[in-house]
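Biologist: Could you take me through the aromatic ring pairs in this one, up close? I'd like the pairs themselves first, and then the helix packing that goes with them.

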Amino acid sequence: MQYRREIDGLRALAVVPVILFHGGFEAFGGGFIGVDVFFVISGYLITTIILAELEKGSFSILRFYERRARRILPALFLVMACCLPFAWLWLLPKDLAEFSRSMAAVAVFLSNVLFWRESGYFDTAAELKPLLHTWSLAVEEQYYVLFPLFLLLAWRMGRRALVAGIALVAVASLAAADRFALTSPAATFFLLPTRLWELAIGALCAFWLARESVAPERAVWREALAVAGVVLVGASVLLFDEATPFPSVYALVPTVGTALLILYARPNTAVGKALGTPLLVGIGLISYSAYLWHQPLFSFARHRSFVEPSSTLMAVLAVATLGLAWMSWRFVEQPFRRAGTIGRNTVFGFALVGSALFIALGAFGYLRGGFPERIPNYDQIAQDFRRHDLRADCDRRSRGGAGELEVCALGFAGAPPAGAIGVFGDSHSIALLPAFDEAGKSARLVVWHLGVGGCPPLLGADVLLGNWEPGACERLAARYVEIARDKGLKEVFLVARWSLYTDGARPGKAKKDNFLVDAKHRVLTMQNSREVFTAAVERTIGAYSRIGTTVHFVEQAPQQRTQPERLFQELNRRGLTGSPTAAQIVTEQSVGLLENARYQDFSRRTIRAAARAAGQPVIALDGLFCDDRRCPIGDANHSLYRDEDHLNLRGVARLTATIRRAL
């Protein structure tokens, strides 16, 4: 096909926002749409090449896959190989095991399926996955397996039928993406069926430009439509963020913008000339290698830092990404792409041996659990971060759905009990169960518990994107009231990560998947979510009051800024455990008293005001975990937390006396 400089310039507009987004630069909150731009470009280029060869009768599946192998594998294998020593030296066993598994998945182009099963793209843990970005390569390769075969088999049907078929598939794929972006966000984001339409847009562009008779567009329209394309792509980068349902109809903004640029940003337009400038073309030429390098650099930097690396460091790494990208493009990509330099048999042999090697290494590392023997005292430190299993018997009896979980009887098991209480809530209620269990035993009280992660125990409120199907949290909260009524409970304790539902998962970073909805609030902002929260708290107190049950709201423990297991294992690996230096580092990494107060301000004020108005008690926890400046994550030897917001058994032990007094 005829080379188009402006397409390489468009690649630069795709890769730079992705790099800046993964680097944590908030101004580029929608930078992830660069991948959508790449999908459209790929669909266009691949279809253009195949159409030209089909027209000549020279299309070969074998040659097509050879070109793909030359283009994709050499730089990919280089980056994966370079990750190995750093993963061995710097990753904790759990992280190394996950990295190993992802390495094997990348080698067979199924990493998108793996990351779908592991977590969402925007989860905090996702930032620490060195190979997370390879999900898009997997989507493209899965497409490349199917699409050429489809074109080859359907070619005799004629172009109109082909275009109609591709358009029909694209519409169905987009409809599915929009339908499931809210209810199954991870699957929708990572999997081919809901990404197919983006590649299909590029394919349709190829068919449009390959028409036998093309009427010339008026220059003013070419200029206007090209400018519109730039505006759509740029607006997506600057206005979208992690809270944007994606790839729903919102993804039409960057993909249609990309299509307009492909169709109308020709070399004789102002936009085409701008995209064809040497700087953008140069970045576009190395964009594939840049895409490969950036995520491992950022991920390993985050693994080596106790907190999020500084913007300065991430900017330096972004520049380093381009330097590494140029070298791998010059000395790896280019030689492999020249058919006369390296023969077909060598390419396929390289692909087979390289894939087999990474599959073997990945399987070995995963089966060995990330080699915990690399780190002295690893298992001893890890004890602080293991989950208790007080609910294990109940969960084994349940059938999996939120509405089918069993209510557990804990606390006093003898006869006759002095009474019973209820403990309901999200995963924080599960974390605090040991304190309720011990206090219940000493007070001769049965403790009835039911709760699931991500579901606040509030009536008339549901989480937009939670761990369960839509409406499950609302139904579960209603079930709590039924349990209290049926069992005659005079007191219930509601425990939750309250600020999650009003202020997001991390201070200053609200995400729509945490937002609450009711029948009147389907188009969401944080303010809508807070209004739902306020009404739900009042509604919940009223419901329990009507059945004669006192509601104890248990405030959440201070949320930390760093992952405690990574912090304490890193102190252990550096031989600092128990030292004054460790105590200083732990103090420095602990959340400040004022920072914690700001994060929990709205949820606390709302709960305290509603509880005070109804004469209901509130159990505050800051006094147990904070001094006059900070809320320590632990001491020089041990953590009080299992993760950023859940207490471990050591932390929960601090609550037992408080819970006993409340009983």
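Modeller: Let's start with the rule: rings of Phe, Tyr and Trp (its six-membered ring) pair if their centres lie within 6.5 Å, and planes under 30 degrees apart count as stacked, over 60 as edge-to-face and the rest as tilted. Counted that way, this predicted model has 29 aromatic pairs. Take tryptophan 135 and phenylalanine 189: their ring centres sit 5.0 Å apart with the planes at 50°, so that pair is tilted. Tryptophan 135 belongs to helix α6 and phenylalanine 189 to helix α8 (residues 185-190), so the pair ties together parts 54 residues apart in sequence. Tryptophan 135 is buried at 0% relative accessibility, and phenylalanine 189 is buried too, at 4%.

Then there's phenylalanine 436 with phenylalanine 493: centres 5.2 Å apart, planes at 65°, so this one is edge-to-face. Here the link runs from helix α20 (residues 433-442) to strand β5 (residues 491-495), 57 residues apart. Phenylalanine 436 is buried at 0% relative accessible area, and phenylalanine 493 is buried at 0% as well.

Ring pairs also join Phe59, Phe64, Tyr65, Tyr143, Tyr144, Phe147 and Phe150 into a cluster.

Now for the helix packing. The axes of α2 (residues 34-56) and α6 (residues 135-154) come within 11 Å and cross at roughly 25°, which makes α2 roughly parallel to α6. The crossing is right-handed. Among the contact residues are Phe38, Phe39 and Ile46 of α2, and Trp135, Tyr143, Tyr144 and Phe147 of α6. The residues of that contact split into 14 nonpolar, three polar and one charged.

Notes
Residues numbered from 1 in each chain as written. Predicted model: local features only at pLDDT ≥ 70, side-chain atom pairs only at ≥ 80, totals over all residues. Heavy atoms only, no water. Axes fitted to C-alpha atoms, helices over the stretch in contact; angles between N-to-C directions. Helix = DSSP H or I, 4+ residues; strand = E, 2+ residues; numbered from the N terminus. Parallel < 35°, antiparallel > 145°, perpendicular 65-115°, else oblique. Left-handed = near helix turned anticlockwise from the far one by under 90°. Contact = heavy atoms within 4.5 Å. Nonpolar A, V, L, I, M, F, W, Y, C, P; charged D, E, K, R; others polar. Buried < 20%, exposed > 50% of the residue type's maximum accessible area, 1.4 Å probe, protein only.
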